Amino acid sequence: MTEQHGDQPGDHLTVGRVAEATGVSVRALHHYDAVGLVRPSGRSAAGYRLYAPDDVERLRTVVVYRRLGFSLEEVADLLAADGSGQLEHLRR
């Protein structure tokens, strides 16, 4: 049995599957979790990270911002900003 929060259990992906689906390394996913940028919504009974669809969507947004050249700190600021704050930050 797994400990999960939010969506249906079958919707959650392991860190390896998320890495495959997004092209982000497992190491980067672990780092994003450690710094609070993209945290998995759940954990398996064995403690493995489990990502919900919303987590994967957030990761895809991070990937886009990183490809645009934003630092991790800037990405965190963008994700925390409201709509007008995001636009202002992106215009810079």
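**Salt bridges and buried faces in a predicted model**

Biologist: The side chains of Arg49 and Asp33 are joined by a salt bridge, at 2.8 Å from N to O. What makes the Arg49 and Asp33 pair a salt bridge?

Modeller: A salt bridge is a side-chain nitrogen of Lys or Arg within 4 Å of a carboxyl oxygen of Asp or Glu. The value for Arg49 and Asp33 is 2.8 Å, N to O, so the pair meets this rule. Arg49 belongs to strand E3 (residues 49–51) and Asp33 to helix H2, so the pair ties together parts that are 16 residues apart in sequence. Helices (H or I, at least four residues) and strands (E, at least two) are DSSP runs, numbered from the N terminus.

Side-chain values use heavy atoms, with hydrogens and water left out, and residues are numbered from 1 along each chain as its sequence is written.

Biologist: How many salt bridges are there by this rule?

Modeller: The count comes to three. Arg43 forms one with Asp33, the closest N and O atoms being 3.5 Å apart. This pair links distant parts of the chain, with Arg43 in strand E2 (residues 42–43) and Asp33 in helix H2, 10 residues apart. Arg39 and Asp33 also meet in a salt bridge, at 3.8 Å, N to O. Both values are within the 4 Å cut-off, so both pairs qualify.

Biologist: Why is Asp33 called buried?

Modeller: Buried means under 20% relative accessible area, exposed means over 50%, and partly exposed lies in between (1.4 Å probe, protein chains only). Asp33 has a relative accessible area of 6%, so it is buried. Arg49 is buried as well. Arg39, at 49% relative accessibility, counts as partly exposed, and so does Arg43, at 31%.

Biologist: What makes the buried residues of H2 line one face?

Modeller: The buried residues of H2 are Ala28, Leu29, Tyr32 and Asp33. Seen down the helix axis, they fall within an arc of 140 degrees, so they line one face of H2. The arc is that of the directions from the helix axis to the C-beta atoms. On the other side of H2, Arg27 and Ala34 are exposed. The cover over the buried residues of H2 includes H1, E2, E3, H3 and H4.

Biologist: Which residues of H4 are buried?

Modeller: In helix H4 (residues 72–80), Val75, Leu78 and Leu79 are buried. Down the axis of H4 its buried residues fall within an arc of 95 degrees, so they too line one face. The face turned away from the buried side of H4 carries the exposed residues Glu73 and Ala80.

Biologist: Why does Asp55 have no salt bridge?

Modeller: Asp55, in helix H3 (residues 53–67), is buried, and its nearest side chain of opposite charge, Arg58, is 7.2 Å away. Lys and Arg count as positive and Asp and Glu as negative, while His and the chain ends are not counted.

Biologist: Why is the pair of Tyr65 and Phe70 called edge-to-face?

Modeller: The whole structure has one aromatic pair. In this pair, Tyr65 and Phe70 stand 5.9 Å apart, centre to centre, with 75 degrees between the planes. Rings of Phe, Tyr and Trp (its six-membered ring) pair if their centres lie within 6.5 Å; planes under 30 degrees apart count as stacked, over 60 as edge-to-face and the rest as tilted. The distance of 5.9 Å is within 6.5 Å and the angle of 75 degrees is over 60, so the pair is edge-to-face. Both residues are buried.

Biologist: Where in the protein chain is confidence lowest, and where is it highest?

Modeller: The lowest is helix H5 (residues 83–91), at a mean pLDDT of 67, and the highest is helix H2 (residues 26–34), at 97. The mean for the chain is 86, and 79% of its residues reach 70 or more. Over residues 1–8, pLDDT stays under 50. Where pLDDT is low, the predicted coordinates should not be read in detail.

Conventions. Predicted model: local features only at pLDDT ≥ 70, side-chain atom pairs only at ≥ 80, totals over all residues. pLDDT = per-residue confidence, 0-100. Contact = heavy atoms within 4.5 Å.
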